[in-house]
Amino acid sequence: MYYATIKPTDVANGPGVRVSLFVSGCTHYCKGCFNAEAWDFHYGREFTKDTLDQIISYLDHSYIAGLSLLGGEPMHPENQKGILPLVEEVRRRFPDKTIWCYTGYDFEADILGDMAHRIPETSRILDSLNVLVDGKFVEEKKDLKLRFKGSSNQRIIKVPESLALSEVILWE
C-alpha cells in the first residue's frame, strides 16, 4: 500500500483533533474529487512499519481524539492488507481513541454484501472502526455546510452499532 500524505493534526475529518492518513489508490474516479492525484495506487510513499510507527507516535498525545482514514480509497481490496495492521494496532494501543474511515463504497451493498464475504481483512477492519463515512462523492450534491462529509448522499455510519443491530445506525 502507498499513501499520499499523513496529517498529524487534522480537524476537518472527524470530531476533535485527529491524525489523518490519506492512502493512495482509488477506482471510483469521482468527478470533482479533492484528491484525484491519489487515484494512482503508487502515488506518494510506500506504507511501511516505520510509517505505522510514525502514526502511532502522532496518536500518542492526550489531545488527539483518533485516526481518520481517507484516500484514495482505504477500503479498496488492494489497500485492506495495509489498513488492517494499522487499525488493529491503533485499537490495541489506544482503545479510547476513535477510528473513522471514509469510503466511496456503499456499506450494505459493497462492504457487507460483497467484500465481507470474499476479502478476509474486511470484517476485521470493520471490527476496529467506530465510524464509516460511505458513498461516492457526488459533485452535484456537494454542500460545504455538511459536517464531516463532502456530498449529501454520503452517510456517517456508527459501525459497531450497525453491525450489532444489522441495520444502519447514523452518527448524529
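Colleague: Where is Tyr-29 found?
Modeller: Tyr-29 is in the loop between strand 2 (17-23) and strand 3 (45-46). Keep in mind that this is a predicted model.

Colleague: And what is phi of Tyr-29 near?
Modeller: Phi of Tyr-29 is near 50°, a positive value in a residue other than glycine. Most residues other than glycine have a negative phi.

Colleague: Which other residue has a positive phi although it is not a glycine?
Modeller: Phe-148 does, with a phi of about 65°. That residue also belongs to a loop, the one between strand 6 and strand 7.

Colleague: Is Phe-148 buried or exposed?
Modeller: Phe-148 counts as buried, because its relative accessibility is 12%, and the cut-off for buried is under 20%.

Colleague: What does Phe-148 pair with?
Modeller: Phe-148 forms an aromatic pair with Trp-171. The pair is tilted, with 5.7 Å centre to centre and 55° between the planes. Trp-171 is buried too, with a relative accessible area of 16%.

Colleague: Which parts does that pair tie together?
Modeller: Phe-148 lies in the loop between strand 6 (131-134) and strand 7 (155-158), and Trp-171 in the segment after helix 5 (159-165), so the pair ties together parts that are 23 residues apart in sequence.

Colleague: How many aromatic pairs does a search of the whole structure find?
Modeller: The search finds 7. One of them joins Trp-100 and Tyr-102, again tilted, at 6.5 Å centre to centre and 35° between the planes. Trp-100 and Tyr-102 are both buried.

Colleague: Which residues form one aromatic cluster?
Modeller: Trp-100, Tyr-102, Phe-148 and Trp-171 do.

Colleague: Nice. What sits over the ring of Phe-94?
Modeller: The charged end of Lys-97 sits there, 5.6 Å from the centre of the Phe-94 ring.

Colleague: Let's switch to the strands. Where does Ser-68 lie, and is Ser-68 buried or exposed?
Modeller: Ser-68 lies in strand 4. Ser-68 is buried, with a relative accessible area of 0%.

Colleague: What is Ser-68 in contact with, leaving aside neighbours within four places in sequence?
Modeller: Ser-68 is in contact with Asn-13, Arg-18, Val-19, Ser-20, Leu-21 and Trp-100. As for Val-19, the C-alpha atoms of Val-19 and Ser-68 are 6.2 Å apart in space, although the two residues are 49 residues apart in sequence.

Colleague: What joins Gly-71 and Gly-72?
Modeller: A cis peptide bond joins them, with omega at about 10°. Most peptide bonds are trans. Gly-72 is placed in the loop between strand 4 (64-70) and helix 2.

Colleague: On to the helices, then. At what angle do helix 1 and helix 2 pack?
Modeller: Helix 1 (residues 49-59) and helix 2 (residues 77-93) pack at an angle of about 35°, and their axes are 11 Å apart. The crossing is right-handed.

Colleague: Which residues make the contact?
Modeller: From helix 1 they are Leu-52, Ile-55, Ile-56 and Leu-59. Helix 2 contributes Pro-85, Leu-86, Glu-89, Val-90 and Arg-93. By class, that contact has 7 nonpolar, no polar and 2 charged residues.

Colleague: Last one: where is the place of Pro-120?
Modeller: Pro-120 is in helix 4 (residues 120-128). Pro-120 is exposed, with a relative accessible area of 62%. Pro-120 and Gln-80 are 9.2 Å apart in space, C-alpha to C-alpha, and 40 residues apart in sequence.

Conventions. Residues are numbered from 1 along each chain as its sequence is written. This is a predicted model: local features need pLDDT of at least 70, side-chain atom pairs count only at pLDDT 80 or more; totals for chains, interfaces and linings use all residues. Side-chain values use heavy atoms; hydrogens and water are left out. Axes are lines fitted to C-alpha atoms, for helices over the stretch in contact, and angles run from 0 to 180 degrees between N-to-C directions. Helices (H or I, at least four residues) and strands (E, at least two) are DSSP runs, numbered from the N terminus. A crossing is left-handed if the near helix is turned anticlockwise from the far one by less than a right angle, and right-handed if clockwise. Contact means heavy atoms within 4.5 Å. Ala, Val, Leu, Ile, Met, Phe, Trp, Tyr, Cys and Pro count as nonpolar, Asp, Glu, Lys and Arg as charged, and the others, Gly among them, as polar. Rings of Phe, Tyr and Trp (its six-membered ring) pair if their centres lie within 6.5 Å; planes under 30 degrees apart count as stacked, over 60 as edge-to-face and the rest as tilted. Buried means under 20% relative accessible area, exposed over 50%, partly exposed in between (1.4 Å probe, protein chains only). A charge sits over a ring if NZ of Lys or CZ of Arg is within 6 Å of the ring centre and within 35 degrees of the ring normal.
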